[in-house]
Amino acid sequence: MKKRFLLAASVFFVASAFAETDVKYSGEVEFDVYTGDLWNDDDVKHSYASTFDLNFEVQFNKQWSAFVGLEADGETDSPAAVYNGAYIQYQPAESFVVKAGDLTSSEGAFVAYYGYDDPADNAAGMKEHDIRGIQLELAGLELGLGFGRGDNDAPETEASGNVYDVHAAYGLEFAGQHLRPYVDYKSYQEAQHNELHAGVEAGLSIGGFGFRAVYGFHADYLMDDGDVVEGQDWTSTAHAFLVEPSFEISLFEVKTTAFYAVLDRGEALESDLDSEEIPEYFFLYAEPALKLADKIKLGIPVEYHTNTLDDEDDTQTTVDVGGRVYYSPIENLDITAFGMMDLPVGDNKDNESFYMGVETVFSF
């Protein structure tokens with residue numbers, strides 16, 4: 001009798017707890033298809049890219065909550081879904097938050113240019129750093145400390161399991177303007193094998209005019225004096241500059257991006273810093289667009305790409321032009337169809353190329 005009572009009491013307690021718990025879910029799905037080079041390939045080739053994000057937010061009470069996410073992402077039609085982090089959150093006041101668990105920080109992402117807009121891959125400031133640790137947020141100040149996980153760890157070296165990461169940033173917003181200085185230090189706990197990211201993001205919005213700028217300093221193998229490879233200094237640095245002016249009035253809008261990076265790769269053949277974070281040392285992008293109707297917009301992108309990290313190499317330079325059609329039939333559903341032509345310039349001896357694609361994104 002006593003066991004039945006305890007069981008009934010336990011069931012009642014659990015049911016009551018779930019009844020008081022507020023669970024919200026959200027996510028995004030993207031499925032894309034692209035052609036190969038329609039001018040130079042003998043056959044019409046195609047490729048896919050797919051993304052699926054599913055996030056759950058659990059509100060236990062006014063102060064305690066939790067988050068967990070799943071993600072599937074890859075250049076295929078059926079990427080596998082994997083665990084994408086979870087954390088608990090304690091918020092005793094509106095301006096004070098404590099998070100513990102799997103956290104992600106990124107700074108100075110490319111926002112306007114569609115080709116580099118995933119901060120998991122590229123950023124002028126710092127691409128995504130994943131940690132398992134703790135983060136404090138107090139009146140705009142963010143302080144995070146934890147062990148590296150995922151791509152922020154070193155799974156294929158002797159440093160695997162040794163990486164720790166410290167991140168600090170301060171966000172200030174006033175009268176349509178924002179300023180965000182940041183610094184991030186990552187250590188592999190090896191001889192001079194560490195990374196430093198620091199910089200500032202600033203922006204303003206006045207009427208239909210917007211302006212965003214980022215300065216990012218990247219350094220790898222700080223203070224190396226030949227301990228990594230005897231006789232070689234692998235210290236690698238980059239100064240990255242990004243500006244993104246935009247303008248919108250009535251049915252017309254224009255987005256622009258200018259990016260330039262000054263790279264010093266030391267004596268290393270190739271550093272993780274350059275090859276993964278900064279896509280190319282210089283590019284320009286502008287896309288004027290006209291709203292043809294409430295749900296349809298036509299854009300004409302014009303781009304200049306060096307397609308290399310070597311500022312003395314102009315054998316890969318292209319000018320890319322084309323058209324993009326944006327269709328948003330309902331809220332949270334966006335379809336983009338495009339055709340782009342790549343024209344080699346300078347010492348680039350490649351042929352002109354032409355490719356097309358369709359990208360479909362919906363969120364919930």
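This is a predicted model: local features need pLDDT of at least 70, side-chain atom pairs count only at pLDDT 80 or more; totals for chains, interfaces and linings use all residues.
Biologist: Where is serine 250 found?
Modeller: Serine 250 is found in the loop between β13 and β14, the latter strand covering residues 252–264.

Biologist: Let me step back, then. How many helices and strands are there in the protein chain?
Modeller: The protein chain has 2 helices and 20 strands. It contains 364 residues, and buried residues make up 36% of them.

Biologist: What about the accessible surface of the chain?
Modeller: The accessible surface of the protein chain comes to about 20600 Å², and 58% of that belongs to carbon and sulfur atoms. As for contacts, if you take those with a separation of 6 or more, residues 24 or more positions apart account for 50% of them.

Biologist: New topic: what is the count of salt bridges?
Modeller: The count comes to 9 salt bridges. One of them joins aspartate 102 and arginine 132, whose closest N and O atoms are 2.6 Å apart. Aspartate 102 lies in strand β5 (residues 96–107) and arginine 132 in strand β6 (residues 126–138), so this pair ties together parts that are 30 residues apart in sequence.

Biologist: Is aspartate 102 buried or exposed?
Modeller: Aspartate 102 counts as buried, because its relative accessibility is 5%, and buried means under 20%.

Biologist: Which residue meets arginine 212 in a salt bridge at 2.9 Å?
Modeller: That is glutamate 201, whose side chain meets the side chain of arginine 212 at 2.9 Å, taken from N to O. Arginine 212 lies in strand β12 (residues 209–220) and glutamate 201 in strand β11 (residues 193–206), so the pair ties together parts that are 11 residues apart in sequence. Arginine 212 counts as buried at 12% relative accessibility, and glutamate 201 counts as buried at 13%.

Biologist: And how does glutamate 244 come in?
Modeller: Glutamate 244 also forms a salt bridge with arginine 212, the closest N and O atoms being 2.7 Å apart. This pair links distant parts of the chain, with glutamate 244 in strand β13 (residues 236–249) and arginine 212 in strand β12, 32 residues apart. Glutamate 244 is buried, with a relative accessible area of 6%. Elsewhere, salt bridges that share partners join Asp102, Arg132 and Arg149 into one network.

Biologist: Which residues gather in a patch of negative charge on the surface?
Modeller: The patch of negative charge is formed by Asp73, Glu75, Asp117, Asp118, Asp121 and Asp151. Among them, aspartate 117 has its place in the loop between β5 and β6, and at 43% relative accessibility aspartate 117 counts as partly exposed.

Biologist: Where is tyrosine 281 found?
Modeller: Tyrosine 281 is found in the loop between α2 (272–277) and β15 (282–291), and tyrosine 281 is buried, with a relative accessible area of 12%. Leaving aside neighbours within four places in sequence, its contacts include Phe259, Tyr260, Thr306 and Thr308. Tyrosine 281 and threonine 308 are 27 residues apart in sequence, with their C-alpha atoms 6.4 Å apart in space.

Biologist: Last one: what does alanine 80 touch?
Modeller: Setting aside residues up to four places away in sequence, alanine 80 touches Glu71, Ala72 and Asp73. Alanine 80 lies in the loop between β3 (64–74) and β4 (82–93), and at 60% relative accessibility alanine 80 counts as exposed.

Definitions and conventions: Residues are numbered from 1 along each chain as its sequence is written. Side-chain values use heavy atoms; hydrogens and water are left out. Helices (H or I, at least four residues) and strands (E, at least two) are DSSP runs, numbered from the N terminus. Buried means under 20% relative accessible area, exposed over 50%, partly exposed in between (1.4 Å probe, protein chains only). Contact means heavy atoms within 4.5 Å. Accessible areas come from the Shrake-Rupley method with a 1.4 Å probe; for residues, only the protein chains shown count as cover. A salt bridge is a side-chain nitrogen of Lys or Arg within 4 Å of a carboxyl oxygen of Asp or Glu. Patches are made of residues with over 30% relative accessible area and no salt bridge: like charges are joined within 9 Å, nonpolar side chains (Val, Leu, Ile, Met, Phe, Trp, Tyr) within 5 Å. Lys and Arg count as positive and Asp and Glu as negative; His and the chain ends are not counted. The place of a charge is taken as NZ of Lys, CZ of Arg, CG of Asp or CD of Glu.
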